[in-house]
Structures are given as C-alpha cells and as structure tokens.
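Thanks for coming. I have one model to go through this morning, so please look at the screen.

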Amino acid sequence: MSLKPSPKLHPVGWDLLVVIAVVILAVSVGIGLLGTSESGPLTAVISADGQPEERVVLSSLTEPEERVLHSGGYTLHLVLSADGVEMTTSDCPTQECVHTGKITRSGQSIVCLPARVIVTLEGGAPASGPDVVIG
Amino acid sequence: MKLTTRELTLCAVLTAMALALSYLESFFPLSLAIPIPGIKLGLANIVTLFALYALGPGQALMILLARCLLGAVFAGNMSALIFSVLGGVTAMVVMILLSRCGRLSIYGVSVGGAAAHSCGQVAAAVLTLGNTAPIYYLPVLLGVSLFTGALTGLIAACLFRALAHTALMKG
C-alpha cells in the first residue's frame, strides 16, 4: 500500500483566505442576529420537548419563580427573575445548560440538547438614554 | 471502492484512534470554559485530516461514519448521532473541496473543516429542536473554530512529519 504524498505542512498565505471567510461569516451572522431583537418587556420564551412555547414576562415578576421542566426523560429546574433566567440544576449528562449561567439580555438563550429544552429571551429594548457617560 | 487488507486494517485502527480521542477530550470539556452546547476541541478531526490526505476521501468518510455510529452506540446516546453525522459530513465535504484546490496548507483545510463542523452542528440543533435559537451560538462557535481548527491542523502536521520517514508513508 502506498499512501498519498503528505500535504503542505507549513501555513501559507492562502490559509488567510479561509480565516477571513470564517470571520466574515461569523460577523455577518452576528450582525443579522443583532437586528432581530424585539421591542417590549423582557420576556422568557420556554420550549420543552417540542411542546408549545410558554412566554413569561420577566419584568412582571416581583420575586424569583422556579419552574420544574420534565422533558426528554430529564428534569430541569429553571429560575425566572425580573432581570433574567437561570437553569439551576439539571440531571442531563452534559450540564451545558447549567454552565451557561444566568442570561439577562434579549437574544440570549439556554439550550439543553439532551432534554430538548430552549429558553430564549426576547424584548427588553434598552432605554433610550446613553449606556455610559464619560468625561 | 476496493480496499486491500492492509488499508482496511489501517481504517479500523484509525477509527479506533478517533473514538479514543473523542473519549479523551470528554475529560477536559471546552464547555466548562465556554458554556455553549456542542463546543469541543474536535481532536477526532486529526484522524479525519490524516485519513483524508493519506488514504483519500472515500476511506476518510468511511472512518468518519464508523466513528460517529460507534461513538453514539458506546455513549448510549443515539440522539447525538444526527449532530456528529451532520457536523462531521459537512466538515468532510468542505475539507475535501479545500484540499482539492491544492493551494491551502493542512492548517487552512483544518480551520475550514472546523468552521463547517460548527455550521453542521448548529443546523442539526435547529432541525432537532425545531427552533432557530441555536443560531445565536454560531458566531462564537465559528470564532472558536479558528483556534480549534488551527490546533488540530498543527497536530496533524506534526503527525505527518513524524511519519514521513516511516514504512507506513513510504508504502
């Protein structure tokens, strides 16, 4: 058996084109997602196991509220509060949903692939005032 | 595709190595540093890259599909199969096309494959969940793929250098 000759083993200038293409794709998708943020109060959209979505207006919550989600054979504990959402515990094997931590901004999401659970934040348009005042 | 006994044996050994690398990287999950579903170093891609250049696209695809299937069976998680197959096949197609153009080094091909893998996995997540929310992770996954792709390209390049004077590469 004769194996094929080895490839170029040192980076070449043409490799930069691949890097630039990946960066352009990432930035394009990022810009596209920024444009999809909706107006209105900050709302958590919860979808579990393909079931219809539940929408919770977070700004209407006076104190943190816990939800227990049973989906895909797993049990997940979700804490909703006025400023965001956090998956506190889950018995899924990857634990990526728990490691995501608290999400607080529109467009952010917590995804648990094994349990097929998605929690997405919508709305919560920033106030019209400046973010930071310097000088 | 007709394989000699030696080629078939090499494909089997490479499949076992890819499975071992997938298992190995589960001990240091990248998701602890960057909590995004599906994010990983992609060490098994070293084997795919090696097989693509050393054996050819057909054998590389065979090794990839065997690794995905056996990985899902051993993990007892058949639902993960669509993610690994869609991500792996997308990466493979892109790496075949990039390697055919002949101008790129193994680094460029590896980075392109890693980025394509991210796109394939996000597509699998969108299809499985019936929700477009996973696209939110794509920019970060693509950014990380620049580093993971360069890393797997570097290791594959070291592998080719180490094997350059062995009987395996000389035939």
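I will start with chain B. Residues 24 or more positions apart make up 67% of its contacts with a separation of 6 or more, a contact being two residues whose C-beta atoms, placed from the backbone, lie within 7 Å. For chain A, the corresponding share is 35%.

Some housekeeping before the details. This is a predicted model, in which local features need pLDDT of at least 70 and side-chain atom pairs count only at pLDDT 80 or more, while totals for chains, interfaces and linings use all residues. Residues are numbered from 1 along each chain as its sequence is written, and chains are lettered from A, with ligands numbered from 1, in the order in which they are written. The model scores ipTM 0.87 and pTM 0.82. Chain B averages a pLDDT of 89, and 98% of its residues score at least 70; pLDDT is the predictor's confidence in each residue, from 0 to 100.

Now the fold of chain B. It has seven helices and zero strands. Helices here are DSSP runs of H or I with at least four residues, strands are runs of E with at least two, and both are numbered from the N terminus. The C-alpha trace of chain B spans about 50 × 35 × 30 Å along its principal axes. With 171 residues, a compact globule would have a radius of gyration near 16 Å, and chain B agrees because its own value is 16 Å. That radius is taken over C-alpha atoms, and the globule rule is 2.2 Å times the number of residues to the power 0.38.

How much of chain B is buried? Buried residues make up 46% of the 171. Buried means that 20 or more other C-beta atoms lie within 10 Å of the residue's own; exposed means 12 or fewer, and partly exposed is in between, with C-beta atoms placed from the backbone. In chain A, 27% of the 135 residues count as buried.

Next, the largest nonpolar core. A nonpolar core is a set of buried Ala, Val, Leu, Ile, Met, Phe, Trp, Tyr and Cys residues joined through C-beta atoms within 7 Å. The largest one has 72 residues, and B:V47 and B:A51 touch the most other members. Helix α5 of chain B, residues 106–129, gives the largest share of this core, eleven residues. Leaving out residues up to four places away in sequence, B:V47 touches B:L14, B:M17, B:A18, B:L21 and B:I63.

On to chain A. This chain has two helices and eight strands, in the order α-β-β-β-β-β-α-β-β-β. Four of the strands form an open antiparallel sheet, β3-β4-β5-β6, where strands pair if DSSP finds at least two bridges between them. Its edges are β3 (65–71) and β6 (102–103), each pairing on one side only. β3(A) pairs with β4(A), residues 74–81, over seven bridges, and A:V68 stands opposite A:H77 in β4(A). These two strands form a hairpin with two residues between them, and A:G72 in the turn has a positive phi of about 60 degrees.

Last, the interface. Which residues meet across it, and how many? 34 residues of chain A are in contact with 42 residues of chain B. On the chain A side, α1(A) gives the most, with nine residues. By class, that side has 17 nonpolar, twelve polar and five charged residues. Ala, Val, Leu, Ile, Met, Phe, Trp, Tyr, Cys and Pro count as nonpolar, Asp, Glu, Lys and Arg as charged, and the others, Gly among them, as polar.
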